[in-house]
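Q: I am new to this structure and would like a friendly close look at one part of it. Please start from a single residue and then show me what lies around it.

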Amino acid sequence: MLKRPTLLWLLVPHVLYLGVLPLVNRVTPTVLGLPFLVFWMLLATLLTPAAVWLAWRGDRKRAARRPAAPAGERGAA
Amino acid sequence: MNATIATSIFAAFMVLTLALGLLAVRGGGRGKGGLAEWSVGGRSLGTVFIWVLMAGESYTSFSYLGAAGWGYNFGAPVLYVLAYMSCGYAIGFVVGPMLWSYARRHGLVGITDLVAHRYGRRWLGTAVAILATVCLLPYIQLQITGMGVVVTTISYGAISLNWAYFIGFAVTTLFVVVSGLRGSAWVSVLKDVLVIATLAFLAVYVPQHYFGGYGPFLDRIVAEKPQWLTFPGHHSGGLDQGWFITTSLLNSLTVVIFPTTVAGYLGARSADALRRNAVLLPFYNVLLFVPMLLGMAALFVVPGLTGADSNLALFKLVVDSLPAWLVGVTGVAAALSSIVPMAVFMLVIGTMWGRSVLGAVPRLANRQKLWSQVVVVVAGALALLLTYTAPNTLVRLSLISYEGMAQLVPMILLGLVWRRLTLYGAVSGLAVGLVVVCGLVFTEHDPVGGVNAGMVALAVNLVVALAVTWLGPRPVDDRPDAEVLASDLDTGEDGPSEAAGTGRGAEPGAAGESGVSPSPAK
């Protein structure tokens, strides 16, 4: 984890769905007519792919910087 | 008249399903015949097939029935399905490639195989196979019964429950036995097209038809049913925020090692196909909002549903408001949402037994694929038989299914990245975890103190596993770390030459003697 800080993006869904739940557990204000909790969950659902994509992009950049490893990128260190 | 139209459409699509599922066997290419070809599609599925398959198997009959039913009865707590699937996909970004490369390098076809290799004990694979079967059988029955109620409802009663159960079993068993994972993937294509189309249509049509659009529908829910819109929901019996958070977290960790998910992982052609899917799959979850919201819409249209009837909240609206042919098509989408997951459940049970239970008997070991296919039929028939004769047995078991499977998380996930975890530690943790789950669930202490009982058990499990690892005996295992541990950055290509799809995994003890690279630091 420490060697691949971009993996921290993978925690974003956990924060959005679970971490901030006490703050978003409410009906008002409604957004586009949606009760707030439902709106928030929809937002989290749409942001999850973005977060995972950021983690992936970080990983690929890291791999590109270390062209030494032949084909495999085995040594994650 | 209505019944004839809807039933004909259903029958036509069942024939199409069977045809697709059986034809899929021709997609096999070179690696003809082996267990790996059948169980994990020769490890050859690309991004699109993996997406279709994994979306297909996670969107079960529960999504149509249970999700609407929970929305109808409780409201907000149903959102846990969404939360755990999204979080699970994020975790799968790391776990998917990790399990995929490990299995590929060592020629493994499932989680039972994987623990047998990690801990160097065949009997452990056998034990895990039996445990997982006990946890999975109820799911097959849930799909059979789910399909039964849907088919009876959408055929306007023309197809009886018992026949509907049997059709579900027969169609699924036939194509799974012949085509294995590839058949499920092909049928998933049909399923996903129908599911996406019908749910998108319903999402627009139902609010328009009953309420005159989303605006009035949402206004009415907010004004009249606010109790449904926040935790703990409406009369949900303790499904508050603590329950939501622990359940979503526990399930998101469990779903990545769930045997059916792992079958999807192992079917992938490359680790990148899995990473791409970790990004793309969460989009499918948007569809889950439809049955949840429509379940709540049903509160206004068909109030007063109780018990099992509330699961039909969505279909009452469908039958009430749509012409027969559309009812038929929607029913087919829901029926396929039972068939695809059921197919993968049966497939993994077959694989586990063919490989780790019967395959562990030396005399039977050279016919692993055949035994797997036999077990598929036996497991399916057993679930069908229990559905007819003792439906409540498996329903009771299903209460512990997910929380029971969750107890494998330390043994598999921690074991694959942490060499020091010993066999004794992992096994004691698992045993204690299972006892705690059964103890709490069967005495109706789930949730316990507002927390998911499986999470409590997992915590105990982990503590025991660590304690026994540190204080207990240390089995001798002189294999190098690279042979025993897994990394998600591994390309999995230096092992037995499975890359060419030679079905090498079918050989007993194909566990390779590779692993020359240094251990990946984690």
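Which residues does I140(B) touch, not counting residues up to four places away in sequence?

A: Leaving aside residues up to four places away in sequence, I140(B) touches M342(B), F345(B), M346(B), A379(B), G380(B) and A383(B). Touching here means being in contact, with C-beta atoms, placed from the backbone, within 7 Å. Before going on, please note that this is a predicted model: local features need pLDDT of at least 70, side-chain atom pairs count only at pLDDT 80 or more, and totals for chains, interfaces and linings use all residues. Residues are numbered from 1 along each chain as its sequence is written, while chains are lettered from A and ligands numbered from 1 in the order in which they are written.

Where the chains meet, 35 residues of chain A are in contact with 42 residues of chain B. On chain A's side, the elements giving two or more residues are α1 (12-19), α2 (21-24) and α3 (36-65), and α3(A) gives the most, with 13 residues. By class, that side has 24 nonpolar, eight polar and three charged residues. Here Ala, Val, Leu, Ile, Met, Phe, Trp, Tyr, Cys and Pro count as nonpolar, Asp, Glu, Lys and Arg as charged, and the others, Gly among them, as polar.

Elsewhere in chain B, helix α19 (residues 409-417) holds P410(B). P410(B) counts as buried because 25 other C-beta atoms lie within 10 Å. Not counting residues up to four places away in sequence, P410(B) touches A426(B), G429(B), N461(B), L462(B) and A465(B). P410(B) and A465(B) are 55 residues apart in sequence, yet 7.9 Å apart in space, C-alpha to C-alpha. A426(B) and G429(B) are among the buried residues of α20(B).

For contrast, look at N162(B) in helix α9 (residues 161-211) of chain B. N162(B) is partly exposed, because 13 other C-beta atoms lie within 10 Å.

How confident is the predictor? Its score for each residue is pLDDT, from 0 to 100. Chain B has a mean pLDDT of 85, and 92% of its residues reach 70 or more. Over residues 495-522 of chain B, however, the pLDDT is below 50. Chain A averages 81, with 82% of the residues scoring at least 70, but its pLDDT stays under 50 over residues 69-77. For the complex, the predictor gives an ipTM of 0.85 and a pTM of 0.86.

Notes
Contact = placed C-beta atoms within 7 Å. Helix = DSSP H or I, 4+ residues; strand = E, 2+ residues; numbered from the N terminus. Buried ≥ 20, exposed ≤ 12 C-beta atoms within 10 Å, placed from the backbone. pLDDT = per-residue confidence, 0-100.
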